[in-house]
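Me: I would like to go through this model with you and ask, term by term, what the wording rests on.

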Amino acid sequence: MRVVILGATGGTGMELIRQSLAAGHAVTAFVRKPEPLRTFYGRIDLRTGDLLHQETMTRVLEGHDAVLSGFGPRVPIAKSDEHLLRDFATVLTGAMQQSGVRRAVLISTAFLFKDSVFPPTYLLGRLLFPSVVKDSAELESIVQSSGLDWTIVRPPQLTDRPWSGRYRERIGHLPRFGFKISRADVADYFVKALSKESLIRKVVGISN
C-alpha cells in the first residue's frame, strides 16, 4: 500500500516507518523537519510542511491508500497546545475527505477507557493529565463522526523496549493489567491493522 505516516519523527512514528517498509509498503512521511529521518533518506518520500494546514495535508495525501498516525498526546502540554489533537483531527479528516483517502489507523490513549480498573486509566488520566484526556477525546469524536474507515488504537504507557510481537488486544477495552507496551509493538499492530476490515471503525486497546 501507499501510506502516509504522520508524527513520523517521534519514537512511534519512526517504528511505523521501519515496519511499514519491512512490510513492503511505499512510505511518505509528512513532517515539519526532515533531519531526524536522515537514516531513511532514499527509502521514503519526505514531505515537509505544517500538519495543521489543510490544503497542504490534502496535497500530501493525494494518491495514497491509507494514513498511519503516530501523532498523539504528549506531556507536559503547553497552554498553546491544549487543543492540538482536536485541531489535527479536524485538518486530517477534512484532508482525507477531499483527497479520497479513506483508511486511517490513529493513536490515542488508554486514559479514555472509563471501564478499566486494573489499571484505573480514566481516573489517573483525569487526575494527572486532564488536558490530555479532553483533547484526545475531542480527536476521537471528530474522527468517529467523519464517515471514514478509521481504527483508533489506545495504548497505555509507551516504552522503548524492542519489538516482541507478543501483545494483547481487546476491542473496546484495555487488556487487564495492561500497564505498558513498546512503541515497536504498537507499530507492529498498526501495520497489521491496515488490511483488517474487521477493525474498521473500532476502538482497540493493546498492551504487552
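Me: What makes the largest nonpolar core a core, and which residues have the most contacts inside it?

Reply: The model is predicted, so local features need pLDDT of at least 70 and side-chain atom pairs count only at pLDDT 80 or more, while totals for chains, interfaces and linings use all residues. Residues are numbered from 1 along each chain as its sequence is written, and side-chain values use heavy atoms, with hydrogens and water left out. A nonpolar core is a set of buried Ala, Val, Leu, Ile, Met, Phe, Trp, Tyr and Cys residues joined through side-chain atoms within 4.5 Å, where buried means under 20% relative accessible area (1.4 Å probe, protein chains only). The largest such set has 29 residues, and those with the most contacts inside it are Ile5, Ile17, Leu37, Leu68, Tyr189 and Phe190. Its largest share, 6 residues, comes from H6.

Me: Why do S3 and S8 count as edge strands?

Reply: Two strands pair if DSSP finds at least two bridges between them. The open sheet of 8 strands runs S3-S2-S1-S4-S5-S6-S10-S8, with mixed pairing; S3 (45-48) and S8 (168-171) each have a single partner strand, so one side of each is left without a neighbour in the sheet.

Me: How do you know that S1 and S2 pair?

Reply: They are joined over 5 bridges in the parallel sense, and Val4, for instance, has Thr28 in S2 as its bridge partner.

How values were computed. Buried < 20%, exposed > 50% of the residue type's maximum accessible area, 1.4 Å probe, protein only. Helix = DSSP H or I, 4+ residues; strand = E, 2+ residues; numbered from the N terminus.
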